[in-house]
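Please open the structure in a viewer and keep the selection tool at hand.

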Amino acid sequence: MKASFAKFVILFTVLAVAGFSFYFLSSREEPSSLCPQARTTVSAPEKDARMKNILAPTEENIQAGKALFNSQAQPIPCSICHGFKGDSIGVIFQWIKPYARNFTCFQTMKDISDGQMFWVIRNGSHGTRMQAYKKLEDEQIWQLVLYLRSFSE
Ligand code: HEC
């Protein structure tokens, strides 16, 4: 009885590991297919889309944006989904549909205004995993926008 239970546990573990590996590997796409990136994000109202960044791209502001992006933004740092390199290959990459924006892709990013980015960070992108960051100060969002731009410059 005990032996067959042990066999069951071993078989279960082997199947679970194999199943997880298959799922993980098969759903992983190459980054190249993420640029240009399919994008169906709702456009900000015109006056928001035309907003200009109030901050200059100083090293200090970019570094502040980087700290928020990597670890400080609450409740979830941007890097979890957008990846530490901004290429959208974050730790939960394969579980997100649509994929998080790939900020390293100039072809896609060149058509997204600073105001549009600000608006999506503040309000989220409804129906996707991009949530609204209501607690960030305006200045912090503009620091983030400066950092996001730096990925495709
Ligand atoms: C839980 C996952 C997740 C986190 C955390 C996250 N994002 Fe996103 N983000 C997404 C997804 C998914 C999209 C794509 C939305 C879409 O296709 O409309 C996106 C899109 C965007 C866009 C693109 C807007 C556009 O018009 O194309 C910006 C800018 C952005 N995120 C900034 C951020 C910033 C800054 C943070 C951190 C403060 C952050 N995101 C955190 C998942 C996330």
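Predicted model: local features only at pLDDT ≥ 70, side-chain atom pairs only at ≥ 80, totals over all residues.

How many residues surround the ligand, and which are the closest? Select the ligand and its shell: 26 residues surround it, the closest being Cys78, Cys81, His82, Ser125 and Met130.

Residues are numbered from 1 along each chain as its sequence is written, and side-chain values use heavy atoms, with hydrogens and water left out.

**The iron atom**

Next, select the iron atom of the ligand together with His82 and Met130. Its protein donors are His82 (NE2) and Met130 (SD), at 2.0 to 2.2 Å; donors are N, O and S atoms within 2.8 Å of the metal (3.2 Å for Na, K and Ca), and water is not among the atoms, so sites may look incomplete. The arrangement is octahedral because the six donor atoms around the iron atom subtend angles of 87 to 180°; for six donors, the term requires opposite donors over 155 degrees apart and all others between 65 and 115. His82 belongs to helix α4 and Met130 to the loop between α6 and α7, so the pair, 48 residues apart, links distant parts of the chain. Helices are DSSP runs (H or I, at least four residues), numbered from the N terminus.

A polar contact is a pair of N or O atoms within 3.5 Å. A polar side-chain atom of Thr41 is 2.7 Å from a ligand oxygen atom, and one of Arg101 is 2.9 Å from a ligand oxygen atom. For Gln116, a side-chain N or O atom lies 2.8 Å from an oxygen atom of the ligand. Colour the helices next: α4 (79-82), α6 (114-123) and α7 (138-150) are the elements that give two or more residues to the shell. The largest share, four residues, comes from α6.

**Backbone features**

Finally, move to the backbone. A cis peptide bond joins Cys35 and Pro36, with omega about -5°; Pro36 is in the loop between α1 (2-26) and α2 (46-49). Another cis peptide bond joins Lys97 and Pro98, with omega about -10°.

Definitions and conventions: Near = heavy atom within 4 Å. Polar contact = N/O pair within 3.5 Å; in protein donor to acceptor, adjacent residues only side chain to side chain. Tetrahedral: all angles 85-135°; square planar, octahedral: opposite > 155°, others 65-115°.
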